[in-house]
Each structure stands twice: as structure tokens, then as C-alpha cells.
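Biologist: Please take me through one part of this model in detail: the site around the ligand, and the helices that go with it. I would like a single connected account.

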Amino acid sequence: MEPNELGLNIHILTLIAHKLRTPLSIINGYSEAVVAQAGKEKFSPFTAKALEEICQQGGHMGQLIEKLAAFNKVMMVEKNALDKRPIPINKMLKHCTSLVLMQRNSAGLPTDSSSDATFVKRGVQVDIDCPANLTINGNEEMLRLCISELMENAIKFNNKMEKIIKVQVANHGDSISLSVRDYGVGVRPQDVENLFKPFFQVDDDFTGQVNGWGLGLSMVQRVVTLHGGTVSVVSDRGLGSIFTLKFPL
Ligand SMILES: Nc1ncnc2c1ncn2[C@@H]1O[C@H](COP(=O)(O)OP(=O)(O)OP(=O)(O)O)[C@@H](O)[C@H]1O
Ligand SMILES: [Mg+2]
């Protein structure tokens, strides 16, 4: 089992993700069952708090394992094995946006408001500007993953009460660009070159609090490369970031 060009042994990472899944699902299943069966009011405040924390952290760990599994899958796929089809971009963006906003609100409250091009939910507003009927020849599952990762970052690395995200798609004749802009914490110039490295996370007071592996952007870069495209970022600390994906037509 050889490490890949990034020095990572994807087979070992796949094995780790797989082995962790089963015990964690048992821990999560039992802790949720205990809370559901006994009812929170039966516990002392300390036990109730401890159970709540166990359930919450178990959920986080489950998300970490699923992201590691997704990373392994994206890293293992070969360019010529990619199943590509024409995908209507506007429809894909709207679907991804709805999913990201829905997952963010696990309590399942209804969407506050949404129009054809603007989605608003619980302090997050996503504006989509995409030419109608524009299609891209690509792997839908992987492109959706890219969009979701960029949107999740735009929400996560943002401490504004009202988080605004602008998604813009443009047809340049020989290429299509897709950018995701946020007005969040931004990135320091010295960190920009490291953003796409697997497991890299900016080490500061804000980012240190945020859940994740530092794998989302490396997956984005891999998917874009598999499609023959490029990814770039323009960012200002404190003002926000624009991540742009460019695909040849
Ligand atoms: N929109 C953004 N604004 C500010 N910083 C960002 C943004 N997107 C990414 N970063 C920085 O780049 C790092 C790497 O991003 P990446 O998506 O790879 O990892 P993550 O979000 O921390 O974890 P994961 O994606 O695995 O859940 C982040 O930890 C953060 O420091
Ligand atoms: Mg991320």
C-alpha cells in the first residue's frame, strides 16, 4: 500500500473510516436510545448535560467519519473512470443550496423564505446568479460535493449574524466559471497557499472552534482537477473570500 503524491495512504485512511463507523454507530444508537426511553426529566442536571454532550459529540464524530470516507472516495477515483453527463447548472445549484440550508437546521424548521434565485434560512441568505439552460459536462455527485463544501465553508467561517453568500456562474465561451463569495472572516495572505492541502486548517481563535478535518477544499481541488479545471481564491482577512472554479467547455 503506497502513499499517493500527497504522502497519504488512502487505503489506510479508508480502513480507519470503515473501522470507526461500527463502534460509533453503536455508541450513538445507545446514547440516543437512553435519552429517548428514559426522558430527560428522569436524570440529574449533570447526567442530562453529559448525555446531551455525548449525543452531540457523537453526531460530530459521525460527520467527521463520513467526510473522511468522502475524501477517500474522491482521492481514489481515476480521471478516466469518471462518469460524466450534461448537468443543468442552475438546477444543481438550487438543489445543493436547499440541502446545505436544510442540514444546517437539524431541528427541521421550515425555510423562512425563498425565491427563484434567493434562498433564506436562519440567518443565511444565498443569492444565485446563473444563466438559464447552461449545462456542464461532469460528474454530478462530485460537482455537488464541491458546491456543498464551498457553501458550508462560507457559512462556517463567518461570524456575522446575517451571512450572505453569492453564487455566480458565467459562460466565457471556452470555459464556465462558478464562484462562491462570502463576507465572513476571510483568510490571511500567508495561509492562502495552504488552503487546498489535505488536513490544513487555519490556526486561530476563530477557526480553532470550528468542527472539521481540513479536507473540504482538498476535495474541491481534486474534483475540479478531475474535470480538467482550476480553482482559485481571492480573500481579505475580515472582509470575506471568493472561491472560483473554472471548467473548460
Ligand atoms: N470561506 C472561507 N473563509 C475563511 N476561511 C476559510 C474559508 N474556507 C476555508 N477556509 C479556511 O481553510 C481551511 C480549510 O478548509 P476546508 O474546507 O478544507 O476544511 P474545514 O472546513 O476546516 O474542514 P472540513 O471541510 O473537513 O469539514 C479552513 O479550516 C479555514 O481555516
Ligand atoms: Mg470545509
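Modeller: What follows covers the ligand site, then the packing of the helices. Keep in mind that this is a predicted model.

Start with the shell. Ligand 1 is surrounded by 22 residues. The closest are N153, K156, Q201, L215 and L217. Sorted by class, the shell holds ten nonpolar, eight polar and four charged residues.

Now the polar contacts. What lies 2.8 Å from an oxygen atom of ligand 1? It is a polar side-chain atom of N153. N153 is also among the closest residues of the shell. D182 also uses its side chain: an N or O atom there is 2.9 Å from a nitrogen atom of ligand 1. W213 uses its backbone instead, with an N or O atom 3.0 Å from an oxygen atom of the ligand. On its own, ligand 1 has 600 Å² of accessible area, and the protein covers 98% of that.

Next, the elements behind the shell. Helix 4, helix 6 and strand 9 each supply at least two of its residues. Helix 4 spans 140-156, helix 6 spans 216-226 and strand 9 spans 240-248. Which of the elements gives the most to the shell? Helix 4 does, with three residues.

That leads to the packing. Two packed helices are described by the angle between their axes and the distance between the axes. Take helix 6 and its partner, helix 2, which covers residues 45-76. Their axes come within 10 Å and cross at roughly 25°. Angles under 35 degrees count as roughly parallel, so helix 2 and helix 6 are roughly parallel to each other. The crossing of helix 2 past helix 6 is left-handed.

Helix 2 also meets helix 4. Here the axes come within 12 Å, and the crossing angle is roughly 135°. That angle makes helix 2 oblique to helix 4. Helix 2 passes helix 4 in a left-handed crossing too.

Methods:
Residues numbered from 1 in each chain as written. Chains lettered and ligands numbered in written order. Predicted model: local features only at pLDDT ≥ 70, side-chain atom pairs only at ≥ 80, totals over all residues. Heavy atoms only, no water. Near = heavy atom within 4 Å. Polar contact = N/O pair within 3.5 Å; in protein donor to acceptor, adjacent residues only side chain to side chain. Areas by Shrake-Rupley, 256 points an atom, 1.4 Å probe, with all protein chains shown as cover. Helix = DSSP H or I, 4+ residues; strand = E, 2+ residues; numbered from the N terminus. Nonpolar A, V, L, I, M, F, W, Y, C, P; charged D, E, K, R; others polar. Axes fitted to C-alpha atoms, helices over the stretch in contact; angles between N-to-C directions. Parallel < 35°, antiparallel > 145°, perpendicular 65-115°, else oblique. Left-handed = near helix turned anticlockwise from the far one by under 90°.
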